[in-house]
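Reader: Hi! Could you walk me through this protein? I'm new to reading structures.

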Amino acid sequence: MAIDKLHRALVILNGKQAANPELRKSIYQLRDEGHTIWVRIPWENSELPIFIEEAIKQGVETIIAGGGDGTINAVSSALMALPDTQRPAMGILPLGTANDFATSANIPMDIHAALALAVKGKAFAIDIARVNHDAFFMNMATGGFGTRITTETPEALKSALGGAAYVINGLLRPDTLKTDTCKIETEHFNWEGETLVVAIGNGKQAGGGQQLTPEALIDDGKLNLLIVPARDVIPALLTNLFTNDKNQHLIEKTTSWVKISSPHEMVFNLDGEPLSGETFTFELLPEAIHCRLPPQCGLLS
């Protein structure tokens, strides 16, 4: 009987999951099969390059993000700092609150199944987005209402309600409905005005299950842009968040790059990481990273 290839992986684990008994059991089980798995818990993101460099020297093939979308962002960003010839594959172990990227990608929520996929699964070449030349996101960047509901939702509410907490908190907070004045440019489209939501998607959803760019794919060489103009705030918001119907007021485009400028400071949420400024340039980097994904991945073409 043929023996499966033995793999070497490093799990970058969110500290909140350090004592997770199911995770420990799954790691020990894969080690018993002969796979080599290290675990590191970074105190801050600046430690990631050190852990990853250590792991590469030990022959690790895969760096696994063990946490939510913020952990995925931190790990993928650290990998993008490496030369492409030295970049290990990435695995995803969804242990966060919303797990938007993992959900869209059909990565199992069962810890053992997800870890086995992250260690042994097939690695697909996927796109990643770069912002202002030195920040990255794999899933989505959101500005306006989308940013506020994901960065300001209380931890207690997230723990109690999961992904639904983002929307509920947003609708209960009238102050989140502030608008942003901005100019948006793409390769074939220009727009200027007041927005409630701007989303640039490589993946489909953010904010705990809100499909802001439902047509997005991570291997199509395109970003998906959603603009919700402020003049149509309530109908567009409610239609987009709570029904599957297309709203005529929403602006949806596909593009390889987006430039957004504003006369005031805006905040974009890059997979959980806030980035503030008055000018943002988003560009897609095709097939920039390899990620271990299921064959039925909902984000692949």
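Reader: Let's pick a spot: is Asp271 buried or exposed?

Author: Asp271 is buried, and its relative accessible area is 6%. Buried means under 20% relative accessible area, exposed means over 50%, and partly exposed is in between, using a 1.4 Å probe and protein chains only. Before we go on, this is a predicted model: local features need pLDDT of at least 70, side-chain atom pairs count only at pLDDT 80 or more, and totals for chains, interfaces and linings use all residues. Residues are numbered from 1 along each chain as its sequence is written, and side-chain values use heavy atoms, with hydrogens and water left out.

Reader: Thanks! Where does Asp271 sit, and what is its phi?

Author: Asp271 is in the loop between strand S12 (257–270) and strand S13. Its phi is positive, about 50°, although Asp271 is not a glycine. Helices (H or I, at least four residues) and strands (E, at least two) are DSSP runs, numbered from the N terminus.

Reader: Which loop holds Asn99, and what about its phi?

Author: Asn99 is found in the loop between S4 and helix H4 (100–104). Asn99 isn't a glycine, yet its phi is positive at about 50°. With a relative accessible area of 9%, Asn99 is buried.

Reader: Let me zoom out. How many helices and strands are there in the chain?

Author: The protein chain has 9 helices and 13 strands. It has 301 residues, and 53% of them count as buried.

Reader: And what share of the contacts joins residues at least 24 apart?

Author: That share is 72%, taken among contacts between residues at least 6 apart in sequence. Contact here means heavy atoms within 4.5 Å.

Reader: New topic, helices! At what angle do H1 and H5 pack?

Author: Helix H1 (residues 21–32) and helix H5 (residues 111–120) pack at about 40°, and their axes are 9 Å apart. That angle makes H1 oblique to H5. The axes are lines fitted to C-alpha atoms, for helices over the stretch in contact, and angles run from 0 to 180 degrees between N-to-C directions. Under 35 degrees counts as roughly parallel, over 145 as roughly antiparallel, 65 to 115 as roughly perpendicular and the rest as oblique.

Reader: Which residues make that contact?

Author: From H1 there are Glu22, Leu23, Ser26, Ile27, Gln29 and Leu30, and from H5 there are Ile111, His112, Leu115, Ala116, Val119 and Lys120.

Reader: How many residues of H5 are buried?

Author: In H5, 7 of the 10 residues are buried, so the helix is largely enclosed by the rest of the structure. The buried ones are Ile111, Ala114, Leu115, Ala116, Leu117, Ala118 and Val119. They pack against several elements, including H1, strand S1 (8–13) and strand S13 (273–292).

Reader: What happens at the start of H5?

Author: There, a side-chain oxygen of Asp110 comes to within 3.3 Å of the backbone nitrogen of His112.

Reader: And Pro108, where is that one?

Author: Pro108 lies in the loop between H4 and H5. At 27% relative accessibility, Pro108 counts as partly exposed. Leaving aside neighbours within four places in sequence, Pro108 is in contact with Pro94, Ala113, Ala114 and Leu117.

Reader: One more loop. Where is Gln205, and which side chain does it join in a polar contact?

Author: Gln205 is in the loop between S9 and S10, and a polar contact of 2.8 Å joins its side chain to that of Asp100. A polar contact is a pair of N or O atoms within 3.5 Å; within protein, one must be able to donate a hydrogen and the other to accept it, and residues adjacent in sequence count only if both atoms are side-chain atoms. Gln205 is buried, with a relative accessible area of 6%.

Reader: What reaches the backbone oxygen of Gln205?

Author: A polar atom of the Asn139 side chain lies 2.8 Å from that backbone oxygen. Asn139 is in the loop between strand S6 (135–137) and strand S7 (140–144), and Asn139 is buried at a relative accessible area of 2%.

Reader: Nice! And what does the side chain of Thr213 reach?

Author: The Thr213 side chain reaches the backbone oxygen of Gly203 at 2.8 Å. Thr213 is in the loop between strand S9 (190–201) and strand S10 (223–229), and at 3% relative accessibility Thr213 counts as buried.
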